Structures are given as structure tokens and as C-alpha cells.
Amino acid sequence: QVQLVESGGGLVQAGDSLRLSCAASGPTFSSDVVGWFRQAPGKEREFVAAVYWSGESTNYADSVKGRFTASRDNAKNTVYLQMNSLKPEDTAIYYCAARDIDSGEYDYWGQGTQVTVSS
């Protein structure tokens with residue numbers, strides 16, 4: 001199955017930028033989309049962004065549009081989430097997940113990386 005490892009989280013101040021990485025290994029051909037999700041303390045996990053392995057399609061939650069950019073490097077099997085103009089409300093554990101082509105579900109998840117934005 002697909003394995004995912006996130007990196008790049010940290011503690012930053014409001015207005016700063018961070019870039020998260022999600023390195024994929026295994027049968028990545030079984031996945032068509034990698035999504036980014038986040039979960040803040042006491043809140044449910046929410047969708048942030050998604051990028052297709054092929055083509056240029058991306059999707060974003062309204063809360064991050066214009067500030068976050070998802071991209072991928074197929075040669076490195078890595079997906080990125082560039083986060084600019086960070087706000088304290090962006091504080092959460094960020095996860096990447098791969099959508100399985102057959103099931104249509106995000107079946108493969110990374111371990112998460114903490115992003116903390118101080119005001």
C-alpha cells in the first residue's frame with residue numbers, strides 16, 4: 001500500500017510562511033489525488049487542499065484560498081503545501097492522504113506534522 005511521510009511543520013509567527021512536504025512511496029500508481037487535511041485541538045479534521053498526480057487540477061478550502069498552494073513533483077513522488085500569510089487559526093496537525101483510485105476514498109494517511117502559528 002502507499003506510504004506517506006509528512007515533514008516541514010513548525011512554530012511560526014502570524015504572517016510567516018511554511019512549506020509542508022509529503023513523500024509517497026509504494027504503489028503510488030494506485031492513487032490519483034493527494035489531499036491535505038488538518039485537525040485543530042477539539043475540532044474535527046477538515047479538508048485543506050488537494051492536488052492530482054497528473055494534470056494541473058487543485059482544490060482548496062475557502063479558508064485557505066489565495067494563501068495556500070498545493071503542488072507535486074512526480075519525479076520525487078512528493079506533494080507540497082506552500083502556506084503563506086499564516087494565521088493563528090491555521091494551527092493544527094496537518095496530514096496528507098492519498099486517494100485510492102478503486103475505492104475513491106482517502107485510504108492512505110501520513111502520521112501528521114504539527115503547525116503552530118503564534119499571534
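This is a predicted model: local features need pLDDT of at least 70, side-chain atom pairs count only at pLDDT 80 or more; totals for chains, interfaces and linings use all residues.
Select Leu20 and Leu81 to begin. Leu20 stands opposite Leu81 in strand 8. Strands here are DSSP runs (E, at least two residues), numbered from the N terminus.

Residues are numbered from 1 along each chain as its sequence is written, and side-chain values use heavy atoms, with hydrogens and water left out.

**The sheet**

Select residues 18-25 and residues 78-83. These are strand 3 and strand 8, an antiparallel pair joined over 6 bridges. Two strands count as paired if DSSP finds at least two bridges between them. In general, strands of a sheet pair through backbone hydrogen bonds, either parallel or antiparallel.

What is the order of its 4 strands? The order is 1-3-8-7, in an open sheet with antiparallel pairing. Strand 1 (3-7) and strand 7 (68-73) are the edge strands, and each pairs on one side only. From one strand to the next, the twist averages 15 degrees. Angles run from 0 to 180 degrees between N-to-C directions, and the axes are lines fitted to C-alpha atoms.

**Ala24**

Stay in strand 3 and select Ala24. Is Ala24 buried or exposed? Ala24 counts as buried, at 10% relative accessibility. Buried means under 20% relative accessible area, exposed means over 50%, and partly exposed lies in between (1.4 Å probe, protein chains only).

Display what surrounds Ala24. Setting aside neighbours within four places in sequence, Ala24 is in contact with Val2, Gln3, Leu4, Trp53 and Asn77. Contact means heavy atoms within 4.5 Å. For a distance check, pick the C-alpha atoms of Ala24 and Ser118. They are 30 Å apart, and the two residues are 94 apart along the chain.

**The disulfide**

Select Cys22 and Cys96. How many disulfides does a search of the whole structure find? The search finds 1 disulfide. Cys22 is joined to Cys96, with an S to S distance of 2.1 Å. The criterion is a pair of cysteine sulfur atoms within 2.5 Å. Cys22 lies in strand 3 and Cys96 in strand 9, so the pair ties together parts that are 74 residues apart in sequence.

**Two loop residues**

Go to Asn77, one of the contacts of Ala24. Asn77 sits in the loop between strand 7 and strand 8. Its phi is near 50 degrees, a positive value in a residue other than glycine. Most residues other than glycine have a negative phi. Asn77 counts as partly exposed because its relative accessibility is 26%.

Finish at Ser85. Where does Ser85 lie? Ser85 is in the loop between strand 8 and strand 9 (92-100). Phi of Ser85 is also positive, near 50 degrees. With a relative accessible area of 41%, Ser85 is partly exposed.
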